[in-house]
Amino acid sequence: MNVVAGHFSDVLSALLTTVELAVLSFLGAMIVGTVVAIMRISPVAPLRAAGLVYVEFFRNIPLLSLLFLVVFGLPDLNVTFSLFNSAVIGMALFSGAFVCESVRTGINTVPIGQAEAARAIGLTFTLSLRTVILPQAFRSMIQPLVNVWIGTLIGTSLAAAVGVFELTAEGQLLQLNYAGGLPVFAAIALLYIAMALLSGGAGGWLERKVAIRR
Amino acid sequence: MTTNRVLFDEPGPRGLLRIRVATVASVLLLALLVYLALQRFGDNGQLAAAKWNPFLKPGIPTFLLHGLENTLKVTGLSAVFAFPIGAVLALLRLSESRVSRWTATTYIEFFRSTPLLLLIYVFFLALPPLGLNLPTLWMVVVPIVLCNAAVLAEIFRAGVRALPKGQGEAGLAVGLGHWQTMRFVILPQAIRIIIPSLVTQLVSLLKDSTLGFAASYPELMKSATNLTARYHNFIQTYLVIALIFVVINLLLSYLARVLDRRLSRGRRDKGDTPTELVVLPMETALGGGLVR
């Protein structure tokens, strides 16, 4: 524990990098995922096909393999980003596929009678979307999206393998330079676990808070 | 037409026309994107035969095949250990004894949210100085098993909880004990429900095996980096590797879907309870294990 205490500010700034990575990646994933989800439920066949290919590719590729493609592969095409940005792009593309599936499932869980009822009372497409379908869909997306967020948070540790200096890399460094041993790794693991439990708790609270009482 | 029926009504003549226009426009747009990407490859000389030829050189396919063999070895060994351990953890968490419930819950919460890479560093960097120096293969397999057993335990538990409560109550009512009810009533049904999710979990294990790279275990990912060090064809190599992983995982997912359809066909209460409803809580139960 002495090693962690002695390098408290280093661990803290590494933790901040991890949080930053996770937040930016998740925001990117939300945007990508929503767009792909819209493509996948649109009435336009080629867009649906493209969305399907996107999801199947990014859901089945190992994250490390994707990060290698972005970090070491893209420079071959003269497309270069900083290490941090590359990691964010890779993680956003990866988690985007999972966000897409959460959004799509969320919309599909709205009973079809709801949409028919909205149309029957004369609501336009946008109105029925805004006042009937999305409010219900959003609620059922909370838990899956929180899970994607936690996955993204834990997944940022892979950025250490391509050279981003975040929490896991900090643990590696403290081991290599100061032989911090198990206590260092345990402390870092506990930081990840605390963040995951907090997120899970917050998600559960939000879900209960907005739940519709029937 | 298989459009989303929640969002869209059957389109009329004007809607059909708009869809047709959008179809043509999106095909053109997608073609343009592909063209631009290929142009980018061409402009930077990445389509040159010299960049792709190494994959045809004698010895290279066997080299990659050997890497793939190691990848599958890690995946298989991890599955062999993680599945039973996960099942035992789930049973402990569902047991009547408070001590075993707490032990299992603590284990699951700890290892479900610990990054696998951190755990591999523990076995690769921190434990050898303390006298625990496993062979490289096990430095990869043991962390994968530790993490995935926690995730699998939650899948097993979700399967048990997906059963109607009356099943367990009926078992107890006819005089079976807790474990007898588990063994003869609950588990035979729960396992059928979760088999597709277990196959899906193989996809996770296969993805996790790439982290063998961090412990310098010569699986596919590590073999690929060795290859690029020699031929400097980074994007080509990593694309080929990515495709190999995606194809294997797609096959596994396909297998899971086929199993799901077969098993749900045999279930008595078919009709208005599509299996997706049963699978859904399990997917969410994957928690941190979902994105890896």
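**Entry: the core.** I looked up the largest nonpolar core, which has 122 residues, and found that L64(A), L66(A), L67(A), L117(B), I120(B), Y121(B) and V140(B) touch the most other members. Such a core is a set of buried Ala, Val, Leu, Ile, Met, Phe, Trp, Tyr and Cys residues joined through C-beta atoms within 7 Å. Buried stands for 20 or more other C-beta atoms within 10 Å of a residue's own, with C-beta atoms placed from the backbone. Helix 6 (residues 136-162) of chain B gives the most to this core, namely 16 residues. Helices here are DSSP runs (H or I, at least four residues), and strands are runs of E (at least two), numbered from the N terminus.

**Entry: ground rules.** I noted that this is a predicted model, in which local features need pLDDT of at least 70, side-chain atom pairs count only at pLDDT 80 or more, and totals for chains, interfaces and linings use all residues. Residues are numbered from 1 along each chain as its sequence is written, while chains are lettered from A and ligands numbered from 1 in the order in which they are written.

**Entry: L66(A).** I then listed the contacts of L66(A), leaving aside its neighbours within four places in sequence: I61(A), G90(A), L93(A), F94(A) and A242(B). A contact needs C-beta atoms, placed from the backbone, within 7 Å.

**Entry: helices 4 and 5 of chain A.** I looked up how these two pack: the angle is about 135 degrees and the axes are 9 Å apart. The axes are lines fitted to C-alpha atoms over the stretch in contact, and angles run from 0 to 180 degrees between N-to-C directions. Helix 4 of chain A is therefore oblique to helix 5 of chain A. Oblique is what remains after under 35 degrees (roughly parallel), over 145 (roughly antiparallel) and 65 to 115 (roughly perpendicular).

From helix 4 of chain A, L63(A), L66(A), L67(A), V70(A) and V71(A) take part, and they meet residues of helix 5 of chain A including L83(A), I89(A) and L93(A). I sorted the residues of this contact into ten nonpolar, two polar and no charged. Nonpolar covers Ala, Val, Leu, Ile, Met, Phe, Trp, Tyr, Cys and Pro; charged covers Asp, Glu, Lys and Arg; the others, Gly among them, are polar.

**Entry: the two chains together.** I found 59 residues of chain A in contact with 55 residues of chain B. Helix 7 of chain A supplies the largest share of chain A's side, ten residues. That side divides into 39 nonpolar, 17 polar and three charged residues.

**Entry: chain B.** I recorded eleven helices and zero strands in chain B. Of its 292 residues, 38% count as buried.

Methods. Two residues are in contact if their C-beta atoms, placed from the backbone, lie within 7 Å. A residue is buried if 20 or more other C-beta atoms lie within 10 Å of its own, exposed if 12 or fewer, and partly exposed in between; C-beta atoms are placed from the backbone.
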